[in-house]
Amino acid sequence: MEIRHLRYFLAVAEHGSVAQAARKLNIVQPALSRQIHDLEEHLGTPLFERSVRGVQLTAAGKQFERDTQKLLAELDAACERALRAAAGLEGSVRIGISHNHTWHPLILQRLRRFQRAFPNVALMLEPSLSTQQLTRIKEGRIDGGFIALRDPNDAELCGIKVLSSGLLLAVPSHSKYAKKPPARLRDLRDEPCVWFPRERAPVYHDYLIHQCQRAGLSPRLVPIGSDVVTTLGMVAAGMGYSIVTEISKYNCPKEVVLHHHPDLSDVHDVELVMRSDADSPILREFARVMSTSGPRESKHA
């Protein structure tokens, strides 16, 4: 049985005449009669009662008509959904995101813009650290992730710039540096610096260490933070200062003061990172929206 048999059957049922259905389908009447006969042979029961006035559906034919209409409607809908998925208009996309990035107004605005443009796409955000995101992207468990710093020589991955971010000096609100930071970063050499284990984010760790060394600072590290949110919490508790990404200003505790500092002038990109061989139309559309400025984006984003 083929799809054309079902469409031929519905045409005959609709017109109550093989001759009229044949004209509608633009095929010769004997050929259509053979197709209907083959269908009945396949099913093992007559679908029509034939007379000189035309054809009428049998009880089996009436049931088959109802089921066939539903089946072909589902088939047409499936074809439409496939085309929409191919165009990136339907389906799902799984994106990793750190807790720090979930507060950034530019990212939030672009996520909303994507949802408005593609309401039939299920956007699933999965909070996780950058290193976890990179592993899950490579394994295909998520489609992409917002990553601040990564190994640019990793050929398995590629990235599209979403935004740029600088670095800030984070100090407790009761610190002597709360109102005014030290003139030079190296003046903090005797102060405890809240840090994180290198294995948590090796590229980001080495990047921050390099910024400190460039400023003549060898920080007295207290490796107790697992991510930026935890680090800020430890700074708020008075356990030392830290150097954090500028994005932290959007979810910073009130007990922490963030300073721009001339020794922390470097800027780095935040990318949407994906597998290099990714070919999902939905992911492609998501990347386009996340990397394109909207007409009403916040000036502070």
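1. Ground rules. Residues are numbered from 1 along each chain as its sequence is written. The model is predicted, so local features need pLDDT of at least 70 and side-chain atom pairs pLDDT 80 or more, while totals for chains, interfaces and linings use all residues; side-chain values use heavy atoms, without hydrogens and water.

2. Helices α1 and α2. Helix α1 covers residues 3-15 and helix α2 residues 18-25; they pack at an angle of about 125°, with axes 8 Å apart. That makes α1 oblique to α2. (Helices, H or I, of at least four residues and strands, E, of at least two are DSSP runs numbered from the N terminus. Axes are lines fitted to C-alpha atoms, for helices over the stretch in contact, and angles run from 0 to 180 degrees between N-to-C directions. Under 35 degrees is roughly parallel, over 145 roughly antiparallel, 65 to 115 roughly perpendicular, and the rest oblique.) From α1, Tyr8, Ala11, Val12 and His15 meet Val18, Gln20, Ala21, Lys24 and Leu25 of α2; contact means heavy atoms within 4.5 Å.

3. Thr58. This residue sits in the loop between β2 (54-57) and α4 (59-86). Thr58 is buried, with a relative accessible area of 13% (buried is under 20%, exposed over 50%, partly exposed in between, with a 1.4 Å probe and protein chains only). Its side chain reaches the backbone oxygen of Pro46 at 2.9 Å and the backbone nitrogen of Gly61 at 3.0 Å. Such a polar contact is a pair of N or O atoms within 3.5 Å; within protein, one must be able to donate a hydrogen and the other to accept it, and residues adjacent in sequence count only if both atoms are side-chain atoms. Not counting residues up to four places away in sequence, Thr58 touches Pro46, Leu47, Phe48 and Glu49.

4. Leu157. Strand β6 (residues 157-165) holds Leu157, which is buried at 8% relative accessibility. Leu134 is 23 residues away along the chain, and the two C-alpha atoms are 8.5 Å apart. Beyond four places in sequence, the contacts of Leu157 include Leu134, Ile137, Val273 and Met274.

5. Helix α8. Which residues of α8 (residues 228-236) are buried? They are Val228, Thr231, Leu232, Val235 and Ala236. They cover an arc of only 140° around the axis, which puts them on the same side of α8; the arc is that of the directions from the helix axis to the C-beta atoms. These buried residues pack against β7 (167-172), β8 (192-195), β10 (242-245) and β11 (256-259). Asp227 caps the N-terminal end, with a side-chain oxygen 3.3 Å from the backbone nitrogen of Val229.
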